[in-house]
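This report describes the sheet, the nonpolar cores and the aromatic contacts of the structure shown below.

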Amino acid sequence: MPTLRLENGVLRADVLPDAGGGLLRFDLLRGGKAVPVFRPAQLDDALQDPRALACFSLVPWSNRIGGGRFAFDGQVIDVPHTRSDEPYPLHGHGWLMPWQPVAQGETFVELAATVNHARPFRYLAVQRYTLAGNTLQTTLTVRNEGAPLPFGLGVHPFFPRTADVRVHANATGMWQAAPDHLPTVLQAPPPHADFRKYRPLETGVTVNHSFEGWNGQAEIVWPSRNLSVAISADTSRYVLYTPAEYDFFCFEPVDHAINAHNLPGQPQDHGLTILGTGQSLQRRYLFTVTSL
């Protein structure tokens, strides 16, 4: 299926149904040029590996499920790996399969995917992209079609990493992580990862952690590019990934912690939602772009 282009004279987004229904690009139209807001992808790369996309959705969980299993309702639930090159099930199934457009216009598209093969989950997922003024709105919905299970949602945009980029996101805690990136202890963010005030990404330092107590508002500013994006989400957590060796970073609004299925307490204590058969969960994510 070809790339689907959305455009409203201010923003442009290219949607790739065959690659997780993800975004190939998301740009600000300025001075006759397309200025990337998300890191732009190459079509062939994205079709081969969705990690090359500009953004993809996370359903029915975000990040890793430790050990590929979790205890729920008196039984141990096994979750098969989603990728052969990852030690744990990663990011759910939506990013790895084709989606079907069910409605579209010049400034919006809605895509759906039915999952009935991904033990133990069976669900219908719907994602809708809408361009309104200088805002990209992504709405992600999942409806459980199987037995009751914990579900979670998120989005995974990639942003250009420049020397002067600044990030602001008011979170109160950060999960320390083991070498396999699973969380260990929740503590106050250390100085290099404390974004309660605008601060740069530390040179040569990789952050790959889950943050708690977020107020659902963030901003990324690129002074040298005369560009900023304000992020708004109806969630209280995010994952930040800043690989030091690459020219991108990821700010991922999510509704649950990494490995929330296995953290102490109940899944709901860490942001997951128990959906019974036929029940739904929906989240919205807004990206508002401004020229400085």
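Strands here are DSSP runs (E, at least two residues), whereas helices are runs of H or I with at least four residues, both numbered from the N terminus; two strands pair if DSSP finds at least two bridges between them. The model is a predicted one, in which local features need pLDDT of at least 70 and side-chain atom pairs count only at pLDDT 80 or more, while totals for chains, interfaces and linings use all residues. Residues are numbered from 1 along each chain as its sequence is written, and side-chain values use heavy atoms, with hydrogens and water left out.

Strand S8 (residues 100–104) pairs with strand S9 (residues 108–118) in the antiparallel sense over four bridges, and Pro101 is placed opposite Leu111 in S9.

Strand S11 (residues 135–144) contains Asn144. Asn144 has 1% relative accessibility and therefore counts as buried; the cut-offs are under 20% relative accessible area for buried, over 50% for exposed and partly exposed in between (1.4 Å probe, protein chains only). The Asn144 side chain reaches the backbone oxygen of Ala147 at 3.0 Å. Beyond neighbours within four places in sequence, Asn144 contacts (heavy atoms within 4.5 Å) residues including Arg122, Tyr123, Leu275 and Gln279.

## Cores and aromatic contacts

A nonpolar core is a set of buried Ala, Val, Leu, Ile, Met, Phe, Trp, Tyr and Cys residues joined through side-chain atoms within 4.5 Å. The largest one has 67 residues, and Leu23, Phe26, Phe38, Phe159, Ile220, Phe251 and Phe287 touch the most other members. Apart from this core lies another, of 18 residues, among them Ala46, Leu182, Val239 and Cys250.

Rings of Phe, Tyr and Trp (its six-membered ring) pair if their centres lie within 6.5 Å, with planes under 30 degrees apart counted as stacked, over 60 as edge-to-face and the rest as tilted. By this rule there are 16 aromatic pairs. The pair of Trp214 and Phe251 is edge-to-face because the ring centres are 5.6 Å apart and the planes stand at 70°. Trp214 lies in the loop between strand S18 (208–212) and strand S19 (217–222), and Phe251 lies in strand S22 (residues 248–254), 37 residues apart. Both Trp214 and Phe251 are buried. One aromatic cluster is formed by Phe26, Phe38, Phe159, Trp222, Phe249 and Phe287.

A charge sits over a ring if NZ of Lys or CZ of Arg is within 6 Å of the ring centre and within 35 degrees of the ring normal. Two such arrangements are tabulated.

| Charged residue | Ring | Distance from ring centre |
|---|---|---|
| Arg39 | Phe158 | 4.1 Å |
| Arg225 | Trp222 | 5.2 Å |

Conventions: A polar contact is a pair of N or O atoms within 3.5 Å; within protein, one must be able to donate a hydrogen and the other to accept it, and residues adjacent in sequence count only if both atoms are side-chain atoms.
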